[in-house]
Amino acid sequence: MWSNVKTLTAAIVLLGAAGLQAQDVAIPAGAVNINLPDNSPLALKSFTMADSRASARGAALALDLHMSATLRNNGANRIHGVTLRVVAQEVTLGGKGSVTYPSLNVGPGETFQVRIDMQLMRPSQVTGAPLVQVDLDGVLFQDLSFFGPDRLNSRRMMTACEMEAQRDRAHFKRVLAQAGRAGLQREMLESMARQSESSQLAVSVKRSGRAVTSAATGSEHDAEFAFLKFPDSPVEPLRGLARISGNEARAPRIEVRNRSNRPVKYVEMGWIVSDPSGKQYMAGSLPSADSDVILPPGQSTRLLQETTLNFSAKGQPVNVQKMVGFVNQVEFADGKIWVPTRQDNALLVGVLPASAEEQRLTDIYRKRGIDALAAELGKF
Amino acid sequence: MLPELKQIPEVPWNRIAADMRGNIRLGLAAGECVRPSRQAERDTPLFSGARATLALASVLALMVTGLMLEGPAPRMARANEPMVQATVNGIQSRSGDQAFGLMHSGASSVTYTVGAQGTLGARYTDPETGNVTMTKVYVE
């Protein structure tokens with residue numbers, strides 16, 4: 001893999017950067033360790049870190065990493081998703097992230113390119129260890145089988161993305177079959193308009209209580225969730241509340257009941273907030289805890305997180321007036337995933353963002369036209 | 001007697017002594033004329049109120065300047081709390097002076113997703129590879 005000599009060289013270069021005020025130096029490839037298991041269906045074909053720089057800023061060291069790799073599918077199945085786990089010196093400093101590539105369609109022997117752009121700010125002390133460790137967290141195949149350690153729950157996330165992708169491809173293929181390319185074109189234009197019109201909140205999240213810097217002025221109070229209930233959802237929201245103060249929401253908790261006849265092990269609620277003018281924003285999601293708690297049929301449980309969310313839009317605080325919750329994702333004990341239908345999501349038009357697959361398909365239409373889109377749909 | 005003393009002419013010692021006594025008296029009188037009176041000394045003490053105020057203000061200004069130059073401005077304790085947030089071209093996990101960011105420079109349409117458990121995600125189409133890419137950072 002990567003030799004100790006390269007790592008040492010990287011450390012020396014970065015130490016040099018720490019000593020040179022207001023100058024920057026290139027970061028060698030040895031500063032990044034890419035770890036693919038021996039039995040991985042992915043193989044690293046090439047890797048580059050062009051234009052990656054380290055510069056000293058006062059007592060700190062700023063690292064700007066641009067990684068680009070070509071991966072080859074060495075397995076026998078088509079790959080539909082890959083998640084990489086990215087860690088910056090886990091033990092000493094922390095800093096963890098993931099990069100997921102959903103909606104892939106990579107056949108055996110085929111290659112695809114991935115990019116990871118990172119910025120790290122850290123004290124200047126450099127140990128001999130690589131600065132960044134990139135591990136394979138999971139690979140999702142066309143048949144929804146999975147490979148990988150799944151430390152970041154990437155199997156569930158990529159499976160949900162794949163379920164949404166299958167749902168949306170089926171919809172657009174149906175439109176193409178029933179209304180031809182003109183009908184598909186209308187659908188694309190409508191989707192692009194929805195994507196451009198949806199308003200986004202800038203949200204920061206922290207684990208603790210109220211933020212000192214909040215624009216919140218009023219006293220904190222409990223606010224109840226209203227619920228949008230989908231008829232085919234296997235889980236039903238019962239009641240919920242969060243502590244609200246101005247543009248902050250804290251400690252959200254929602255009680256849900258499993259109304260299906262199958263045990264459930266994960267529930268994720270979507271969370272919409274309205275400002276005083278009635279404008280709605282997608283605020284985030286409220287997942288159940290990561291621990292494998294099984295919710296039997298007919299039983300209820302409470303989703304809660306001890307975090308504080310701070311909302312703003314275009315630099316201005318968005319005071320929370322109302323909150324709406326809806327069931328966004330359910331995982332059964334057997335690993336099957338439920339996601340809302342397009343008819344369900346139509347109730348949240350203008351608020352809910354398009355799926356990753358709808359985003360990909362509209363991007364193909366925008367860049368390459370309706371014929372390329374029809375050809376793409378024909379590949380699945 | 002030494003031979004040199006024999007060469008000194010006759011000196012009128014009594015007259016010279018009278019002149020010297022007169023000159024001394026004249027000097028003492030002139031000194032009395034130019035010396036400040038004791039009352040004036042009491043009106044301008046070494047540490048008057050204004051001078052003391054000025055000195056204290058100077059010391060205070062020196063101390064404040066020193067604090068500003070030598071130490072960072074006092075921050076609220078909460079500023080060092082771990083948090084995740086969106087930045088200009090990416091998403092970031094930050095704690096004090098350490099930051100971990102995943103960037104999406106060049107992406108035109110970015111969708112952010114927030115997890116109340118302490119995650120922030122970004123979804124975009126990579127302008128170079130054409131792949132839909134989803135990044136996520138975690139509150140540590």
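1. In chain B, 30% of the contacts with a separation of 6 or more are between residues 24 or more positions apart; two residues are in contact if their C-beta atoms, placed from the backbone, lie within 7 Å. This is a predicted model: local features need pLDDT of at least 70, side-chain atom pairs count only at pLDDT 80 or more, and totals for chains, interfaces and linings use all residues. Residues are numbered from 1 along each chain as its sequence is written, while chains are lettered from A and ligands numbered from 1 in the order in which they are written.

2. Chain B contains four helices and six strands, in the order α-α-α-α-β-β-β-β-β-β from the N terminus. Helices (H or I, at least four residues) and strands (E, at least two) are DSSP runs, numbered from the N terminus. Of the 140 residues in chain B, 24% are buried. A residue is buried if 20 or more other C-beta atoms lie within 10 Å of its own, exposed if 12 or fewer, and partly exposed in between.

3. The contact between the chains takes 47 residues from chain A and 43 residues from chain B. On the side of chain B that touches chain A, the elements giving two or more residues include β1 (83–87) and β6 (132–138) of chain B. The largest share, seven residues, comes from β6(B). By class, this side of chain B has 18 nonpolar, 17 polar and eight charged residues. Ala, Val, Leu, Ile, Met, Phe, Trp, Tyr, Cys and Pro count as nonpolar, Asp, Glu, Lys and Arg as charged, and the others, Gly among them, as polar.

4. Strand β11 (residues 202–206) of chain A and β1(B) run antiparallel and are joined by two bridges; strands pair if DSSP finds at least two bridges between them. Met83(B), in β1(B), is the bridge partner of Lys206(A).

5. Within chain A, the axes of helix α2 (residues 154–197) and helix α5 (residues 370–377) come within 11 Å and cross at roughly 170°. The two helices are therefore roughly antiparallel, a term for angles over 145 degrees. Axes are lines fitted to C-alpha atoms, for helices over the stretch in contact, and angles run from 0 to 180 degrees between N-to-C directions. Residues in this contact include Phe172(A) and Leu176(A) of α2(A), and Leu373(A) and Leu377(A) of α5(A). The contact has eight nonpolar, one polar and three charged residues.

6. Leu44(A) lies in strand β3 (residues 42–48) of chain A. Leu44(A) counts as partly exposed because 16 other C-beta atoms lie within 10 Å. Leaving aside residues up to four places away in sequence, Leu44(A) touches Ile34(A), Leu36(A), Ala69(A) and Leu71(A).

Definitions and conventions:
Angles under 35 degrees count as roughly parallel, over 145 as roughly antiparallel, 65 to 115 as roughly perpendicular and the rest as oblique.
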